[in-house]
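Please brief me on this model.

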Amino acid sequence: KDYQGRDVTLAKQPRRIISLLPSHTETLFALGAGEQMVGCTSLCNYPPETEELKQIALANPGSISLEALVELQPDLIVTGGDYHRQLAAQLETLKIPVLALESQAVADIEKAMLGIGQATGHQQQGQKLIARLKQEIAGVQKQIKAFQKEERPKVFYRVWDQPLMTAGPHSFIGELITVAGGENVFSDVEPAYPQVSEETLILRNPDV
């Protein structure tokens, strides 16, 4: 079951995979499924092996040529969640298996690793990746304990400057600030990436 709540069934291990997000592309290679890939987007530039794949050009994550995807004769396309929803529906009508996954939090990354691992025949590697991820997070938290003050440093993360945007507590970046020992000065906002004013930022007086 993927992010969109769809049950995804594959008759056999896919051999012609397309990834439509850089994060999914990196996960596929980390799982050992890179050799099963035939294409990725022009934004996917890591690892270096992506240069050997067919690069599908796009102006933004939501504008992808359906014809370019079909031309590669994929037996699995790994997409994002919400902004690929319409594309996923179009691909389904063409009987092309689609696995939609979203990574907005550390827990989502674990789900994506498990889902992609299971779909590509690399479930054991997925479990190992998750274990390593948890170990690295625990290692960071152990290191910062020695330097942690009674009060966490107040952190502002600038996502964009015109307009000024930050990362809220319900974003991946917001979660990482907390994991790393900081306190997000905009921890009270609801949107994942809200627009804020310079005046409000000055009043909140971040340390970092």
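The points below go from the whole chain to single residues.

This is a predicted model, in which local features need pLDDT of at least 70, side-chain atom pairs count only at pLDDT 80 or more, and totals for chains, interfaces and linings use all residues. Residues are numbered from 1 along each chain as its sequence is written, and side-chain values use heavy atoms, with hydrogens and water left out.

**Overall build**

- The chain has seven helices and nine strands. Helices (H or I, at least four residues) and strands (E, at least two) are DSSP runs, numbered from the N terminus.
- The C-alpha trace spans about 55 × 35 × 30 Å along its principal axes.
- Of the 208 residues in the chain, 40% are buried. Buried means under 20% relative accessible area, exposed means over 50%, and partly exposed lies in between (1.4 Å probe, protein chains only).
- Take the contacts in the chain with a separation of 6 or more: residues 24 or more positions apart account for 51% of them. A contact means heavy atoms within 4.5 Å.

**Surface and charge**

- The accessible surface of the chain is about 12400 Å², and carbon and sulfur atoms hold 52% of that surface. The areas come from the Shrake-Rupley method with a 1.4 Å probe; for residues, only the protein chains shown count as cover.
- The chain carries 19 positive and 26 negative charges, and their mean positions are 7 Å apart. Lys and Arg count as positive and Asp and Glu as negative, while His and the chain ends are not counted. Each charge is placed at NZ of Lys, CZ of Arg, CG of Asp or CD of Glu.

**Nonpolar cores**

- In soluble globular proteins, nonpolar side chains tend to be buried together.
- A nonpolar core here is a set of buried Ala, Val, Leu, Ile, Met, Phe, Trp, Tyr and Cys residues joined through side-chain atoms within 4.5 Å.
- The largest core has 22 residues, of which Met 37 and Ile 116 touch the most other members.
- At least two residues of this core come from each of α1, β2, β4, α4 and α5. α4 gives the largest share, six residues.
- A second, separate core holds 14 residues, including Ile 18, Leu 69, Leu 87 and Val 98.
- Beyond its neighbours within four places in sequence, Met 37 is in contact with Ile 17, Ser 19, Thr 25, Leu 28, Phe 29 and Leu 53.

**Helix α1 and its cover**

- Helix α1 (residues 22-31) has these buried residues: His 24, Thr 25, Thr 27, Leu 28, Phe 29 and Leu 31.
- Their cover includes β1 (17-19), β2 (37-41), β4 (76-79), α4 (106-120) and α5 (123-145).
- Gly 32 follows α1 and has a positive phi, near 95 degrees.
- Leu 129 sits in helix α5. Leu 129 is buried, at 8% relative accessible area.
- Beyond its neighbours within four places in sequence, Leu 129 is in contact with Ala 30, Leu 31 and Met 113.
- From Leu 129 to Ser 187 is 58 residues in sequence and 29 Å in space, C-alpha to C-alpha.

**Aromatic pair**

- The structure holds one aromatic pair. Rings of Phe, Tyr and Trp (its six-membered ring) pair if their centres lie within 6.5 Å; planes under 30 degrees apart count as stacked, over 60 as edge-to-face and the rest as tilted.
- Why is the pair of Phe 156 and Phe 186 edge-to-face? Their ring centres are 6.1 Å apart and their planes stand at 65 degrees, so the pair falls in that class.
- Phe 156 lies in the loop between β6 (154-155) and β7 (158-161), and Phe 186 in the loop between β9 (183-184) and α7 (198-204), so the pair ties together parts 30 residues apart in sequence.
- Phe 156 and Phe 186 are both buried.

**Backbone exceptions**

- Most residues other than glycine have a negative phi, and most peptide bonds are trans.
- Tyr 46 and Pro 47 are joined by a cis peptide bond, with omega about 0 degrees. Pro 47 is in the loop between β2 and β3 (54-56).
- Gln 162 and Pro 163 are also joined by a cis peptide bond, with omega about 0 degrees. Pro 163 is in the loop between β7 and β8 (164-166).
- Gln 73 is not a glycine, yet its phi is positive, about 50 degrees. Gln 73 lies in the loop between α2 (66-71) and β4, and is exposed at 60% relative accessible area.
- Lys 95 has a positive phi near 65 degrees. Lys 95 lies in the loop between α3 (85-93) and β5 (98-100), and is exposed at 73% relative accessible area.
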